Amino acid sequence: MDLILWRHAEAHEHPEGLLGAQGDALDLERRLTPRGEKQAARMGGWLDRQLPEGARVYASPAQRAQQTAAALGRKFRTRDELLPGADLEAVLALVGWPDGRSPVVVIGHQPTLGQVIARLLRLPEPECPMKKGALWWLRNRERAGRQQNLLVTVQTPELF
């Protein structure tokens, strides 16, 4: 199974004095900056060329994740399991890791995506840093009777 974790591109910050908790209405309404729109377009174009037709795509309901997902140019499903502050176990259950058959793209947020990466790659830290707009492509395979989780690639918008 292939799992592609794509962090939303650069988004506007909360207006000064209106900082809210993760997952609140103000946070969910934040949109991509012009730079973020370019990041999403570059990464979306690259990813679209790599993905097979049957790939499933899930995105957080947050506006910045929706805009990032739209840059891929494919149909996607909005899932509450991917809201800011989501539980990594809920994300793994959503995608069917490691038993899914088709590749899955998840467009979401830190720290959840970094927690998924750390768990699957058995990193010593509970969370892996992840740049805005970047994606990590992970693969589960069986070798010699053992399940292995591999890092296929890490891409950032600056590479394109």
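Is Arg122 buried or exposed? Arg122 counts as exposed, at 68% relative accessibility. Exposed means over 50% relative accessible area, buried under 20%, and partly exposed in between, with a 1.4 Å probe and protein chains only.

A word on the model. It is predicted: local features need pLDDT of at least 70, side-chain atom pairs count only at pLDDT 80 or more, and totals for chains, interfaces and linings use all residues. Residues are numbered from 1 along each chain as its sequence is written, and side-chain values use heavy atoms, with hydrogens and water left out.

Back to Arg122. Its place is the loop between H5 and S5. Helices (H or I, at least four residues) and strands (E, at least two) are DSSP runs, numbered from the N terminus. Arg122 is not a glycine, yet its phi is positive, about 55°.

Ala144 also has a positive phi, about 50°. Ala144 sits in the loop between S5 and strand S6 (146-155). At 84% relative accessibility, Ala144 is exposed.

Now the cis peptide bonds. One joins Trp97 and Pro98, with omega about 5°. Pro98 is in the loop between H4 and S4. Another joins Gln110 and Pro111, omega again about 5°. Pro111 lies in the loop between S4 and H5.

Next, the inside. A nonpolar core is a set of buried Ala, Val, Leu, Ile, Met, Phe, Trp, Tyr and Cys residues joined through side-chain atoms within 4.5 Å. The largest has 22 residues; Leu3, Leu5, Val95, Val106 and Val116 touch the most other members. H4 gives the largest share, 5 residues. A second, separate core has 16 residues, including Val57 and Ile107.
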